[in-house]
Amino acid sequence: MGAPMSEHSTYTPGTGIEKWLDERLPIIRFSKEHLMDFPTPKNLNYWWTFGAILAIMLVVQIVTGVILAMHYTPNVALAFDSVEHIKRDVNGGRIIQAVHSVGASMFFAAVYVHIFRGMYFGSYKAPREILWILGVLIFVLMMATAFMGYVLPWGQMSFWAATVITNIFGAIPVLGNPILELLRGGFSVGNPTLNRFFSLHYLLPFVIAAVVVLHIWALHVPGNNNPIGVDVKSSRDTVPFHPYYTMKDLYGVVLFAIPFAWFVFFAPDILGHPDNYVMANSQVTPAHIVPEWYFLPFYAILRAIDFNILFINSQLGGVIFFGGSIVILFFLPWLDTSKVRSGTFRPMFKWFYWLFVINFLALAYLGAAPAEGVYVILAKICTAYYFAHFIIVLPVLSRIEKPRPLPASISESVLGKAHA
Amino acid sequence: MATQAEHHGTRRDFIFVATAAVGGVGVVATVWPLINQLNPDASTLALASIEFDLSAIEEGQSVTILWRGLPVFVRHRTQKEIDEAKAVPMADLKDPETDEQRTKPGHEQWLIMIANCTHLGCVPVGESGEYDGWFCPCHGSVYDTAGRIRKGPAPKNLVLPPYDFISDTLVQIG
């Protein structure tokens, strides 16, 4: 564990040119060490392929996005039509646009699997706290990027999403209104807003790419966690990344591409909302506005707070809980203090983990439900449980739970002597 | 010797602090225009005041007009709605305001409000909700016939724009 990167290098420059390059910019050596020879635990399961799937998705989004920007017009009078123009007139535009919009959903689907995998197998625990924090940062950047991208087609849902989300900043005491006008560039969402969102939507993916580099760097210092959560003890516990995991990841990518392709070719709009085919109108809010599915759990938390808490009014309260639901993820490594990483060996944690997953899905369901009747009460209960999981359940479990015995090593568990 | 070294140290410290201070001012002066360009521009600010003729609006009718890019409700209230609004005890209100504070004296049939829900800015639907006023479809806030928040996550009553009656039928907003 923690072997410095150069120790496992098997690279010897073959030709004179390679030797010349290696002394000046050892990029071939670096790539061989980190993309091919990197010692990887030999027991990684398919949940671990989502890292590679996410890397591919980022590339897909950037490539299709750069192409779409060649045909899109960020102006309130023209934006809506220019997206239709892409779909109807541009060669292959219908597919490229669908890949980009469906791709956002697939990207989030993959990132949720990736995050929940990390939560189950304790991938956030020492020495991987920075790796986890960078991951949460990428998630936040993804949400900002996806939100601004959703505004660009300038349909009704785009416009009202922009209005509602920028209004979140209006809840900030005293400075709320100046900040709101600064963000929108006007007294309401309008052309300046659309223009700057386009600019930032183009910028942020490259910021994400940079943080992804840090994320992988932070991964390659301690090396991968693994399904049993036991540290790598000898070279017998690992296999080289290539060809073992390049192939496994590639297979995961191919399987992932099947539903992706199905959506793109057969149901490109199924994850969207019909109202977004109506051009933005600042005077009429659609009867039932809902964010994209991947924001629903957090949206449910935002609107669950409809009561004043002491001197904090309901609007600011909702915003605090909404922000808190994401910020709390940054602190996860210090809330779960159990020394055992993998949920497989934590009999009580396992149940609470799945309860948390069910609660999260329930929040997603409630985020899409109308804000009335029993849904309002359920949303409050689920919001309370979301926070209780982090603030109460995890710290208490770490103290009272008796974990099952861990296998001595990865090799031993692979050979089936683990559960003696 | 010691005093001279201290003296030198002090001079150097002064230069450090002075350089950092001037540099800091320079950074702020450079960054501020880059942020300030995000604020509403001259063309947006130019739309700050409008006049609107009320004569075409029948009793019980409501229209939505645009002021500074914001939708504004102009509602010609019925006597029943005015009575309902006046009958509400202040203790029932989350953001207590009397009906008189919500309208202009002598023109209390006219309710003129910015049409964005004070929660997150959606446009509430008129003549709906359990208080006969407005219902916001986004997050379920309910307003009464004076546009006061009665239920749901919104913290404040619907905001009144600055306006004055120029005559009985002409109103200037902004």
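Let me start with one residue pair: in chain B, G126(B) sits opposite W134(B) of strand β6(B). This is a predicted model, so what I describe is a prediction.

The pair next to that one is V125(B), whose bridge partner in β6(B) is F135(B). β5(B) and β6(B), the latter covering residues 132-135, are antiparallel and share two bridges. Between the two strands there are five residues, which makes a hairpin, and E127(B) in the turn has a positive phi of about 50°.

Now on to the other side of β6(B). Strand β7, residues 142-144 of chain B, runs antiparallel to β6(B) and is joined to it by three bridges.

Chain B has another sheet. Here three strands form an open sheet with antiparallel pairing, in the order β1-β10-β9. Which strands stand at the edges? They are β1 (50-53) and β9 (163-165) of chain B; each has a single partner strand, so one side of each lacks a neighbour in the sheet. On average, neighbouring strands in this sheet are turned by 20° against each other, ignoring direction. Three bridges connect β9(B) to β10(B), residues 170-173, in the antiparallel sense. Within that pairing, D164(B) is opposite Q172(B).

On domains, chain B splits into domain 1, residues 1-39, and domain 2, residues 45-173. The centres of these two domains of chain B, taken over C-alpha atoms, are 53 Å apart.

Next, the nonpolar cores. The largest has 94 residues, and the members touching the most others are A110(A), A300(A), I301(A), V72(B) and C122(B). Helix α5 of chain A, residues 93-120, contributes the most to this core, with nine residues. A separate core has five residues, including F38(A), L44(A), W48(A) and Y245(A).

What is V72(B) in contact with, leaving aside neighbours within four places in sequence? The list is T64(B), I65(B), W67(B), I112(B), M113(B), I114(B), A115(B), P161(B) and I173(B).

One residue in chain A for contrast of topic: V140(A), in helix α6, residues 129-151 of chain A.

Last, confidence. Chain A averages a pLDDT of 93, with 97% of its residues scoring at least 70. Residues 1-6 of chain A stay under 50, and the model has eight contacts for them beyond four places in sequence. Where pLDDT is low, predicted coordinates should not be read in detail. Chain B averages 87, and 95% of its residues score at least 70. Within chain B, helix α2 (residues 42-45) has the lowest confidence, at a mean of 82, and strand β4 (residues 110-114) the highest, at 92. For the complex, the predictor gives an ipTM of 0.74 and a pTM of 0.88.

Note on methods
Residues numbered from 1 in each chain as written. Chains lettered and ligands numbered in written order. Predicted model: local features only at pLDDT ≥ 70, side-chain atom pairs only at ≥ 80, totals over all residues. Pairing = 2+ DSSP bridges. Helix = DSSP H or I, 4+ residues; strand = E, 2+ residues; numbered from the N terminus. Axes fitted to C-alpha atoms, helices over the stretch in contact; angles between N-to-C directions. Domains from an automatic or database assignment. pLDDT = per-residue confidence, 0-100. Contact = placed C-beta atoms within 7 Å. Core = buried A, V, L, I, M, F, W, Y, C linked by C-beta atoms within 7 Å. Buried ≥ 20, exposed ≤ 12 C-beta atoms within 10 Å, placed from the backbone.
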